[in-house]
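Morning, everyone. I have one structure to show you today, and I will walk through it residue by residue in places. Please have a look at the screen.

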Amino acid sequence: MEPLRGADPAGIAGYRLVRRLGAGGMGVVYLARTGSGSLAALKVIRAAHADDARW
């Protein structure tokens with residue numbers, strides 16, 4: 001795990017991002033917290049892959 005970077009958002013779709021779990025060619029995986037406090041892994045796909053119908 002590593003801390004969030006300056007370019008990382010503070011939250012996405014109601015999840016508060018806590019840390020980075022990893023990153024690769026497809027995107028970034030974050031450790032996130034729900035509104036009720038539960039932890040979740042949240043994967044964000046890079047924009048270059050978002051329109052690719054294979055995924």
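Let's start with R20. At 8% relative accessibility, R20 counts as buried, because the cut-off for buried is under 20%. Keep in mind that this is a predicted model.

Where does R20 sit? It is found in strand β2. What does the side chain of R20 meet there? It makes a polar contact of 2.9 Å with the side chain of D8. Set aside the neighbours within four places in sequence, and R20 is in contact with M1, E2, P3, L4, R5, D8, V28, V29 and Y30. Notice Y30 in that list. Y30 is also the bridge partner of R20 in β3.

Now go to D8. This residue lies in the segment before β1. Is D8 buried or exposed? D8 is buried, because its relative accessible area is 13% and the limit is under 20%. The side chain of D8 has a polar contact of 2.9 Å with that of R20. A polar contact of 2.8 Å joins the side chains of D8 and Y30. Beyond four places in sequence, D8 is in contact with R20 and Y30. So much for that group.

Next, the strands. How many strands form the sheet, and in what order? There are 4 strands in an open sheet, ordered β1-β2-β3-β4, and the pairing is antiparallel. The edge strands are β1 and β4, and β4 covers 39-45. Each of these edge strands pairs on one side only.

Take the pairs in turn. Strand β1 is residues 11-12, and strand β2 is residues 15-23. The two run antiparallel, joined by 2 bridges. Across that pair, I12 stands opposite Y15 in β2. The hairpin of β1 and β2 has 2 residues between the strands.

On to the next pair. Strand β3 is residues 27-33. It pairs with β2 in the antiparallel sense, over 6 bridges. The link from β2 to β3 is a hairpin through 3 residues.

Here is a general point for anyone new to sheets. In a regular strand, side chains alternate between the two faces of the sheet. Keep that in mind when you turn the model on the screen.

Now for a loop residue. S38 lies in the loop between β3 and β4. How far is S38 from Y15? They are 23 residues apart in sequence and 9.8 Å apart in space, C-alpha to C-alpha.

And then the helix. Helix α1 covers residues 47-50, and A47 lies in it. A47 counts as exposed, because its relative accessibility is 69% and the cut-off is over 50%. A47 and A13 are 34 residues apart in sequence. In space, C-alpha to C-alpha, they are 16 Å apart.

Let me step back to the whole chain. The secondary structure comes to 1 helix and 4 strands. Read along the sequence, the pattern is β-β-β-β-α. The C-alpha atoms fill a box of roughly 35 × 20 × 15 Å, taken along the principal axes.

What share of the 55 residues is buried? Buried residues make up 16% of them. R20 and D8 both count as buried. The chain exposes about 3,800 Å². Carbon and sulfur atoms supply 56% of that area.

Now contacts along the sequence. Take those between residues at least 6 apart: 11% of them join residues at least 24 apart.

Last, charge. The chain has 8 positive and 4 negative side chains. How far apart are the centres of the two sets? They lie 9 Å apart.

To recap one spot: in this predicted model, the side chain of D8 makes polar contacts with R20 and with Y30. Find those residues on the screen first. Thanks, and over to you for questions.

Terms used. Residues numbered from 1 in each chain as written. Predicted model: local features only at pLDDT ≥ 70, side-chain atom pairs only at ≥ 80, totals over all residues. Heavy atoms only, no water. Pairing = 2+ DSSP bridges. Buried < 20%, exposed > 50% of the residue type's maximum accessible area, 1.4 Å probe, protein only. Contact = heavy atoms within 4.5 Å. Areas by Shrake-Rupley, 256 points an atom, 1.4 Å probe, with all protein chains shown as cover. Lys, Arg positive; Asp, Glu negative; His and termini not counted. Charge placed at Lys NZ, Arg CZ, Asp CG, Glu CD. Polar contact = N/O pair within 3.5 Å; in protein donor to acceptor, adjacent residues only side chain to side chain.
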